[in-house]
Amino acid sequence: MARNITTGIDIGTHQVKVVVTEYGKNGNGNLPKIIGTGFSQSKGLRHGYIINQNDTIRSIKNATAQAEKSSGIKIKKAFISIGGVGLEEVHSRGGAVVARADSEITDLDIEKAIKDSEKKVAQKIANRKILHEIPLQYKIDGQKVLGKPQGMYGSKLELDVLFITCLEQHLNDLITSVEEAGIVVEDVMASPLAGSFVTLSRAQKMAGAVLANIGAETVSIAIFENNIPISLKVFQIGGTDITNDIALGLKIPLDQAERVKTGALSGVEFPKKKLDEIISARLSDIFELIEAHLKKIGKNGLLPAGIIITGGGSGIATIEDLARAALKLPSKTSTGFNNGNNTISADRQGSITVQGQVRDSSWAVAYGLCIWGLSTEEDSMGVKLAKQTGGSIIQWIKQFLP
């Protein structure tokens with residue numbers, strides 16, 4: 001019997017992380033079991049996009065080799081994430097006249113309405129590729145509809161759509177790098193959405209929550225409500241900026257500043273008040289950007305599940321209190337995630353373990369890709385995902401590859 005193996009590759013600015021999972025073996029029936037992992041320092045990337053392809057390919061190969069060794073599986077194909085400043089959201093409205101003579105609304109009508117909304121934003125997304133299309137609100141003959149409209153009756157269907165897009169060049173470079181490393185790309189997903197599979201519960205997504213991933217050079221946020229993502233934003237600021245501020249403020253080397261930031265440096269004392277002021281100032285900048293975006297979409301102070309903070313920069317001791325004060329929302333850090341009956345953990349060097357003491361949610365994107373890859377549902381979280389379009393992204397990209 002063939003083993004149900006899925007691989008997820010998260011290519012971040014700081015690290016490349018690879019997770020290999022198997023579904024249906026010693027698991028809880030819902031989540032795939034992690035059977036191997038690998039990581040390497042990312043090289044050749046800046047703010048999430050590739051600036052030196054050869055360096056990036058080597059980083060992917062190194063992480064993949066580790067994952068192959070620990071899992072005993074030869075990795076031939078994988079689901080990958082794309083993040084960084086190239087990700088953007090675009091909103092649009094579309095409509096379609098119901099095709100059937102009896103006025104019953106079908107999937108075909110919805111597809112026509114989405115295509116209409118795409119045409120209306122064509123000029124806004126020049127040089128960009130749509131990764132995900134997310135219907136936010138339906139109307140039938142001008143009246144709002146709760147839930148999906150299939151099977152209902154009317155003469156005209158309208159909808160509001162959220163498109164998650166990325167720069168074509170970034171996507172092209174990413175897929176080329178992975179395939180040059182000897183791995184076939186099965187599909188691509190926006191990193192904030194992939195991470196949400198394991199860091200947010202259904203209850204949090206239903207009530208309303210913002211997932212904030214503080215990476216090395218970017219902060220990405222995904223806002224959820226009624227179990228679907230309603231907004232996504234990436235800011236050009238990250239944990240490296242905090243490290244740089246500490247190095248300048250305390251006049252210490254960068255590597256030492258990084259350990260001071262995460263609390264990993266022992267035996268050396270620095271003025272605590274000054275250190276707290278340095279960290280608080282930069283974190284306040286980050287939360288001000290998040291608050292401004294929440295105001296822009298009309299959700300500031302209106303997300304009952306609050307902000308869930310993840311990523312490599314989430315380990316700062318005061319971060320929850322600062323987020324709570326700045327956003328006027330409940331705040332918590334996501335320190336790990338559950339894989340069947342085991343807690344997935346990682347040490348400070350990124351090495352992942354099971355049932356360990358130090359948990360690290362920075363692996364959530366790679367693991368979330370595996371969950372997405374194993375999903376056979378047409379609508380796994382209210383999002384029409386790229387893979388449901390018959391791999392159109394991959395086929396579209398491949399026509400430009402040498």
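Q: How do the axes of helix H1 and helix H3 cross?
A: This is a predicted model. In it, the axes of H1 (residues 53-71) and H3 (residues 168-180) come within 9 Å and cross at roughly 50°. That makes H1 oblique to H3.

Q: Is that crossing left-handed or right-handed?
A: The crossing of H1 and H3 is right-handed.

Q: Which residues make the contact?
A: H1 brings Gln53, Thr56, Ile57, Ile60 and Lys61. H3 brings Asp173, Thr176, Ser177, Val178 and Glu180.

Q: How does the contact of H1 with H3 divide by class?
A: There are three nonpolar, four polar and three charged residues.

Q: Let's zoom out. How many helices and strands does the protein have?
A: Its secondary structure comes to 11 helices and 19 strands.

Q: And how much of the protein is buried?
A: Of its 402 residues, 52% count as buried.

Q: What about contacts between residues at least 24 apart?
A: Take the contacts between residues at least 6 apart in sequence. Of those, 66% join residues at least 24 apart.

Q: Back to helices. How do the axes of H6 and H8 cross?
A: H6 is residues 239-250 and H8 is residues 272-296. Their axes come within 9 Å and cross at roughly 145°. H6 passes H8 in a right-handed crossing.

Q: Which residues meet there?
A: From H6, they are Asp241, Ile242, Asp245, Ile246, Gly249 and Leu250. From H8, they are Lys274, Leu275, Ile278, Ile279, Arg282 and Leu283.

Q: How do the residues of that contact divide?
A: The contact of H6 with H8 has seven nonpolar, one polar and four charged residues.

Q: What about H7? Which of its residues are buried?
A: H7 covers residues 254-262, and its buried residues are Gln256, Ala257, Val260 and Lys261.

Q: Where do they sit around the axis of H7?
A: They cover an arc of only 140° around the axis, so they are on the same side of H7.

Q: What do they pack against?
A: The buried residues of H7 pack against H6 and H8.

Q: What follows H7?
A: Gly263 does, and its phi is positive, near 75°.

Q: Which residues other than glycine have a positive phi?
A: Ser103 and Asp141 are among them. Phi of Ser103 is near 70°. For Asp141, phi is about 50°.

Q: Where is Ser103?
A: Ser103 lies in the loop between strand S7 (88-97) and helix H2 (107-120). Ser103 has a relative accessible area of 27%, so it is partly exposed.

Q: And where is Asp141?
A: Asp141 is in the loop between strand S8 (128-140) and strand S9 (143-145). Asp141 also counts as partly exposed, because its relative accessibility is 42%.

Q: New topic: Phe235. Which strand is it in?
A: Phe235 lies in strand S14, residues 228-235.

Q: Why is Phe235 called buried?
A: Because its relative accessible area is 8%, and the cut-off for buried is under 20%.

Q: What does Phe235 contact?
A: Leave aside its neighbours within four places in sequence. Then Phe235 is in contact with Glu217, Thr218, Val219, Ile221, Leu289, Ile290 and His293.

Q: How far is Phe235 from His47?
A: In sequence, Phe235 and His47 are 188 residues apart. In space they are 9.5 Å apart, C-alpha to C-alpha.

Q: Back to H8. How do the axes of H8 and H9 cross?
A: H9 is residues 319-327. The two axes come within 9 Å and cross at roughly 45°. That makes H8 oblique to H9. H8 passes H9 in a right-handed crossing.

Q: Which residues make that contact?
A: H8 brings Ser280, Leu283, Phe287, Ile290 and Glu291. H9 brings Ile319, Leu322, Ala323, Ala326 and Leu327. By class, the contact of H8 with H9 has eight nonpolar, one polar and one charged residues.

Q: Last one: H10. How many of its residues are buried?
A: H10 (residues 364-374) is mostly covered, with 10 of its 11 residues buried.

Q: Which ones?
A: They are Ala364, Val365, Ala366, Tyr367, Gly368, Leu369, Cys370, Ile371, Trp372 and Leu374.

Note on methods. Residues numbered from 1 in each chain as written. Predicted model: local features only at pLDDT ≥ 70, side-chain atom pairs only at ≥ 80, totals over all residues. Heavy atoms only, no water. Axes fitted to C-alpha atoms, helices over the stretch in contact; angles between N-to-C directions. Helix = DSSP H or I, 4+ residues; strand = E, 2+ residues; numbered from the N terminus. Parallel < 35°, antiparallel > 145°, perpendicular 65-115°, else oblique. Left-handed = near helix turned anticlockwise from the far one by under 90°. Contact = heavy atoms within 4.5 Å. Nonpolar A, V, L, I, M, F, W, Y, C, P; charged D, E, K, R; others polar. Buried < 20%, exposed > 50% of the residue type's maximum accessible area, 1.4 Å probe, protein only. Arc of directions from axis to C-beta.
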